[in-house]
Amino acid sequence: MMIPLIVSTCIHLVFIFAAVSCEKDSIYDILKAHGLPMGLLPKGISRFDIDDTGRFEVHLDQACNAKFESQLHFDTNVSGTLSYGQIGALSGIAAQELFLWFPVKGIGVDVPSSGLIYFDVGVVVKQLPLSMFETPKDCMAVGDFESGDSIPDDDLLAESIAKSQSAKLGHELDQGSLGGTICRKVGKSSCALVQSV
């Protein structure tokens, strides 16, 4: 009579242990396990989904902005593909430089010991100290982003910026007033010398 009770108790404990160990990791734990800092995403994530291929979607209660070196905007839904040391096919995050918002297309850490993280906004790659993203930041709620709930069309934005910068650069070269080096984006984090003036 005692043996069935012990077996029953053991089976019960196994089921309790299995239920506790099957709890889902937080998105912050998943970022860390993929060699990325936990602070890439803000506090306030209501839920997230990730599949076996690394494709993920994060849900915030509302769109918000977080302050790092510059402002980052997070839509209510942020998605991308997670692999070790990088997030690709990213949507739902924009970075502000001066008065312009640029959709962030990817984030990567080439060499963790370098202490740098790279943000690909299509037309340029910005490197920032990895230490800025060690812990999730508070995110200030914002209304609709640029009269919509999502980041502006990145192709249209990139085309507009490229035309504007190209026209300005052409004028400065014609006037001989530009000093320095002109680079174009090559790969994830480097640029190739186009012209030294």
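Start by selecting Ser70 and Gln96: a polar atom of the Ser70 side chain lies 3.3 Å from the backbone oxygen of Gln96. Keep in mind throughout that this is a predicted model.

**Stop 1: Ser70**

Stay on Ser70. Look for the loop between β3 and β4; Ser70 sits there. Is Ser70 buried or exposed? Ser70 counts as buried, because its relative accessibility is 16% and the cut-off for buried is under 20%. Now show its contacts. Setting aside neighbours within four places in sequence, Ser70 touches Gln96 and Glu97.

**Stop 2**

Pick β5, residues 86-97. Which residue in β6 is the bridge partner of Gln96? The partner is Trp101.

Go to β4, residues 71-83. β4 also pairs with β5 in the antiparallel sense, over 7 bridges. Find Ser83 and look across to β5: the bridge partner there is Gln86.

Next, select β7, residues 106-108. How many bridges join β5 and β7? There are 2, and the pairing is antiparallel. To see the strands face each other, select Ile87 and Ile107: Ile87 stands opposite Ile107 in β7.

**Stop 3: the disulfide**

Show the cysteine side chains. How many disulfides does a search of the whole structure find? It finds 1. Select Cys64 and Cys139: their sulfur atoms are 2.0 Å apart, and they form a disulfide. Recall what such a link is: a covalent bond between the sulfur atoms of two cysteines.

Look along the link between Cys64 and Cys139. It is right-handed, with 85° about the S-S bond. Why does the pair tie together parts that are 75 residues apart in sequence? Cys64 lies in strand β3, while Cys139 lies in the loop between β9 and β10, so the pair joins those parts. Check Cys64 itself: Cys64 is buried, at a relative accessible area of 4%.

**Stop 4**

The structure has 2 aromatic pairs. Begin with Phe68 and Phe133. These rings are stacked, 4.6 Å centre to centre, with 25° between the planes. Phe68 is in the loop between β3 and β4 and Phe133 is in the loop between β9 and β10, so the pair ties together parts 65 residues apart in sequence. Both Phe68 and Phe133 are buried.

Phe119 and Phe133 form a tilted pair, 5.3 Å centre to centre and 35° between the planes. Phe119 lies in strand β8 and Phe133 in the loop between β9 and β10, so this pair ties together parts 14 residues apart in sequence. Phe119 counts as buried at 4% relative accessibility, and Phe133 counts as buried at 1%. Display the three together: Phe68, Phe119 and Phe133 form one aromatic cluster.

**Stop 5: Ile117 in β8**

Stay in strand β8 and select Ile117. What is the relative accessibility of Ile117? It is 0%, so Ile117 counts as buried. Show what lies around it. Beyond four places in sequence, Ile117 contacts several residues, including Pro37, Leu40, Ile107, Leu128 and Phe133. Then draw a distance to Met132: Ile117 and Met132 are 15 residues apart in sequence, and their C-alpha atoms are 9.4 Å apart.

**Stop 6: the core**

Finish with the largest nonpolar core, which has 34 residues. Which members touch the most other members? They are Leu40, Leu41, Phe74, Ile117 and Phe119. Colour the elements that each supply at least two core residues: α2, β1, β2, β3, β4, β5 and β8. In soluble globular proteins, nonpolar side chains tend to be buried together.

Not counting residues up to four places away in sequence, Leu41 touches Ile27, Tyr28, Leu31, Val58, Phe74, Val78, Pro136 and Lys137.

Notes: Residues are numbered from 1 along each chain as its sequence is written. This is a predicted model: local features need pLDDT of at least 70, side-chain atom pairs count only at pLDDT 80 or more; totals for chains, interfaces and linings use all residues. Side-chain values use heavy atoms; hydrogens and water are left out. A nonpolar core is a set of buried Ala, Val, Leu, Ile, Met, Phe, Trp, Tyr and Cys residues joined through side-chain atoms within 4.5 Å. Buried means under 20% relative accessible area, exposed over 50%, partly exposed in between (1.4 Å probe, protein chains only). Helices (H or I, at least four residues) and strands (E, at least two) are DSSP runs, numbered from the N terminus. Contact means heavy atoms within 4.5 Å. A polar contact is a pair of N or O atoms within 3.5 Å; within protein, one must be able to donate a hydrogen and the other to accept it, and residues adjacent in sequence count only if both atoms are side-chain atoms. A disulfide is a pair of cysteine sulfur atoms within 2.5 Å. Two strands pair if DSSP finds at least two bridges between them. Rings of Phe, Tyr and Trp (its six-membered ring) pair if their centres lie within 6.5 Å; planes under 30 degrees apart count as stacked, over 60 as edge-to-face and the rest as tilted.
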